[in-house]
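Please look over the sequence and the three-dimensional model below before reading on. The paragraphs after them are meant to be read with the coordinates open.

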Amino acid sequence: NAKHPEGDYEGDYMLFIPVLPDAVSPATVPEGQPVTSIAAGGTRGQGLIMNIAVAPFKDLGRCELRLNDLTGDGGTRPASAKKGNYVNYKYFPTGVQGTAMLPSLSLRVEQGITAQFVLWMEIPEDAAPGTYTGAFDFVSEKTASRKVPVEIEVYPFKLIEDLPLSAGMYYSGRNYPVPPG
């Protein structure tokens with residue numbers, strides 16, 4: 001069960017960035033300090049993924065992560081351009097694991113059960129390079145809400161779409177002789 005981290009932290013819940021997003025479970029305890037902001041960067045045409053989790057130290061009731069507009073030198077990215085899900089957990093005889101991302105940023109958050117949100121945003125092909133800022137609001141029906149500043153940097157270059165070779169995570173080319181002919 002989520003419990004207060006060591007140190008001076010006060011509050012009914014802690015928002016945190018998971019160290020290993022794939023390893024978040026209902027029993028995950030936050031490590032380190034609460035999230036004070038989220039920063040990410042990418043190139044035009046690239047998708048960005050951001051993870052944020054909440055460790056509740058009391059029942060928070062219905063909660064929602066609200067996405068706000070991002071503004072910068074290149075204009076405004078509306079909140080509707082960002083998508084989000086929460087991770088749904090399933091109990092197996094061998095333990096608990098996240099099995100699906102449900103397309104909602106609203107869920108009931110119970111005391112001691114860590115919840116995880118996965119946010120996705122595509123940087124448009126015509127986005128101007130620069131920094132875009134805004135915020136996410138974590139809203140709870142039973143306790144104080146929190147605003148989390150967000151900063152997205154759009155890099156001044158674009159990635160190559162068609163790579164001249166096929167390389168996977170575990171592919172290192174042929175390591176055996178090729179017969180002549």
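This is a predicted model: local features need pLDDT of at least 70, side-chain atom pairs count only at pLDDT 80 or more; totals for chains, interfaces and linings use all residues.

Residues are numbered from 1 along each chain as its sequence is written, and side-chain values use heavy atoms, with hydrogens and water left out.

The protein chain has zero helices and 12 strands, where helices (H or I, at least four residues) and strands (E, at least two) are DSSP runs numbered from the N terminus. Of its 181 residues, 36% count as buried; buried means under 20% relative accessible area, exposed over 50%, and partly exposed in between, with a 1.4 Å probe and protein chains only. Among contacts (heavy atoms within 4.5 Å) between residues at least 6 apart in sequence, 72% join residues at least 24 apart.

Five of the strands form an open sheet in the order S1-S3-S10-S7-S8, with antiparallel pairing; two strands pair if DSSP finds at least two bridges between them. The edges of this sheet are strand S1 (13-16) and strand S8 (95-102), each of which pairs on one side only. From one strand to the next the twist averages 25°, with axes taken as lines fitted to C-alpha atoms, for helices over the stretch in contact, and angles running from 0 to 180 degrees between N-to-C directions. Within the sheet, strand S7 (residues 82-92) and strand S10 (residues 115-122) run antiparallel and are joined by five bridges, and Asn85 stands opposite Val118 in S10.

On a 1 Å grid over the protein atoms alone, a pocket is an open set of points with protein on both sides within 12 Å along at least five of seven lines, a cavity is a set where a 1.4 Å probe fits but cannot get out, and lining residues have an atom within 4 Å of a point. Grid points are joined across faces, edges and corners, and a volume is the space filled by probe spheres set on the points. Of the 13 residues lining the largest pocket, the closest to its centre are Asn88, Tyr89, Leu107, Arg108 and Ile113. S7 gives the most to this lining, with five residues, and strand S9 (106-109) is the other element that gives two or more. S9 has a covered face, Leu107 and Val109, and an uncovered one, Ser106 and Arg108. In a regular strand the side chains alternate between the two faces of the sheet. S9 pairs in the antiparallel sense with strand S4 (residues 61-67) over four bridges, and Val109 is the bridge partner of Gly61.

A search of the whole structure finds one cavity of 30 Å³ or more, and the largest cavity has a volume of about 40 Å³. Its lining consists of Arg77, Met121, Ile123, Pro124, Ala127, Tyr132 and Val154.

Tyr132 is also among the contacts of Glu151, which, leaving aside neighbours within four places in sequence, include Ile38, Ala39, Ala40, Thr131 and Thr133 as well. Glu151 lies in strand S12 (residues 146-154), and Glu151 counts as partly exposed because its relative accessibility is 40%. Glu151 and Ala135 are 16 residues apart in sequence and 8.1 Å apart in space, C-alpha to C-alpha.
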